Amino acid sequence: METRMAALRARLAERGADAFFSLDPPTNAYLTGFRGTTSAVLVTVGSAVLLCDFRYTEQARLQASACEVTEVTGTMEARVGEWLAKLESRSALFEPDRVSFSQHEAVRAAAPGITLAPAPGLVEELRQIKDEGEIAKIRAACHIAESALADVVDGLRAGVTERETAARLEHEFKRRGAQRASFDTIALFGARSSLPHGEPTDKPLEEGDIVLIDCGCMVDGYCSDLTRTFFFGRIPGDWAKEIYLCVQQAQQAALAALCAGARASEVDAAARNLIARAGYGPRFGHGTGHSVGIEVHENPRLNMLSKAVLAAGMAVTVEPGIYLPGRGGVRIEDLAVVTGSGCDILTAGISKDLQVIRK
Ligand SMILES: [Mn+2]
C-alpha cells in the first residue's frame, strides 16, 4: 500500500495538484486494502484518510491499517468536500470515469474555493501492472475456478439445467475458499451457447448440446475469469467441430502474440485474422480480451481500437469466440500474466482440447 500511495503522490506532484479523492470501492480497495462497499479515500502529500460509516469502522481499521480511518455520518460526498478543506487542499484530482456527475456536484458544493480537476486513469494506470502479491491472489482465484469447473463438468448429467449448473459452480467456488463468484456465472447449453453473455435458464442438458461455461471467483479481493466449451454426448455436427478447432487455433495464436512490448491490438489481430480467414469474422463480434484484477474487466482491453502497449505484470484474458445464432457458439478463455518473453498462463490446468463428455 505504501508503494501505491507513493506512486499516487508522485503523480499528484507531476500534475501540480495537492490532493486526490475517490468514492469508488475498487480504487479504494487498491489504495488502502479496505473492501467494503461504501467509503471515500483522500490522499495528500502528508496524509491518507479513509472515510467510512458505522457499518465498516471496525473492518476498515483491520483492512486499511496504513490509513487514518474516520467514521462519518450523512452523505459521503459532503464529508469529502469538508475533508479537502480540512487538509488545506487547493486543487484536488479525481478519476472522471469513477465519479458520477451528482457525486462531483455534491463534493464541489461542500468544497468552495477548491479546484476539482479530472485526471483520467490517475490510479487506473497504476492498477494495470500487478505486483507479486496481486498475481498470487489472481493465481489462487484461477486455481479455484479451474478445479470447480473440472468438478462440475465431471458431474454433468442429462436433465441438469443451466441455472443449476451455474449455482453448482458458485457453490464449489465457496467450498474451495473463494469469497464469491467474480461475476454471474454464464452456463449455456445447446443453441443458447451462441449468446456471448447469455443468462442461464431452466433449459435442461441434452445429448448433442454444446456446453459453454464462463466463470470466475474472487480470492482476497482479486478475480479470475475462465471459459471452456464442451460437447455433451456427441458433437452436434461438423460445423461445431469446425468452429471449435478454429477458436482453439485463434486462442493459441493470440496467446503466442502476448508479450511485453506487444500492442494490445496486435494480440487481438492474431486471433481475429485467423477467424476471419476461416470465414467467421462477422461471428466474432467482441474483443479478444481484457485485464483482470480487483475488477473482472479492467484496462487495458485487447481489442482492435486499443492503443495500449502491453507490459510485464499485466494480467489479461485471451478469449476469442465464434457464435452462430440458432446453432451454437464456442469460446475459449485463459487468463495470463504478461512477461518479458511471453506470458504465464494461470489457467493452464484445465484442458482446451475438444472434449466430448460421455455419460
Ligand atoms: Mn472474460
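## Contact between α4 and α5

In this predicted model, residues E77, A78, V80, G81 and E82 of helix α4 meet Q103, A106, V107, A109 and A110 of helix α5. By class, the residues of this contact divide into 6 nonpolar, 2 polar and 2 charged.

## Geometry of α4 and α5

Two packed helices are described by the angle between their axes and the distance between the axes. Helix α4 spans residues 76–86 and helix α5 spans residues 101–110; they pack at an angle of about 40°, and their axes are 7 Å apart. Because angles under 35 degrees count as roughly parallel, this angle makes α4 oblique to α5. The crossing of α4 and α5 is right-handed.

## Geometry of α7 and α8

In passing α8, helix α7 makes a right-handed crossing.

## Contact between α7 and α8

On the α7 side, the contact involves I144, A148, L149, D151 and V152, which meet T165, R168, L169, E172 and F173 in α8. The contact of α7 with α8 comprises 6 nonpolar, 1 polar and 3 charged residues.

Methods:
Residues are numbered from 1 along each chain as its sequence is written. This is a predicted model: local features need pLDDT of at least 70, side-chain atom pairs count only at pLDDT 80 or more; totals for chains, interfaces and linings use all residues. A crossing is left-handed if the near helix is turned anticlockwise from the far one by less than a right angle, and right-handed if clockwise. Helices (H or I, at least four residues) and strands (E, at least two) are DSSP runs, numbered from the N terminus. Two residues are in contact if their C-beta atoms, placed from the backbone, lie within 7 Å. Ala, Val, Leu, Ile, Met, Phe, Trp, Tyr, Cys and Pro count as nonpolar, Asp, Glu, Lys and Arg as charged, and the others, Gly among them, as polar. Axes are lines fitted to C-alpha atoms, for helices over the stretch in contact, and angles run from 0 to 180 degrees between N-to-C directions. Angles under 35 degrees count as roughly parallel, over 145 as roughly antiparallel, 65 to 115 as roughly perpendicular and the rest as oblique.
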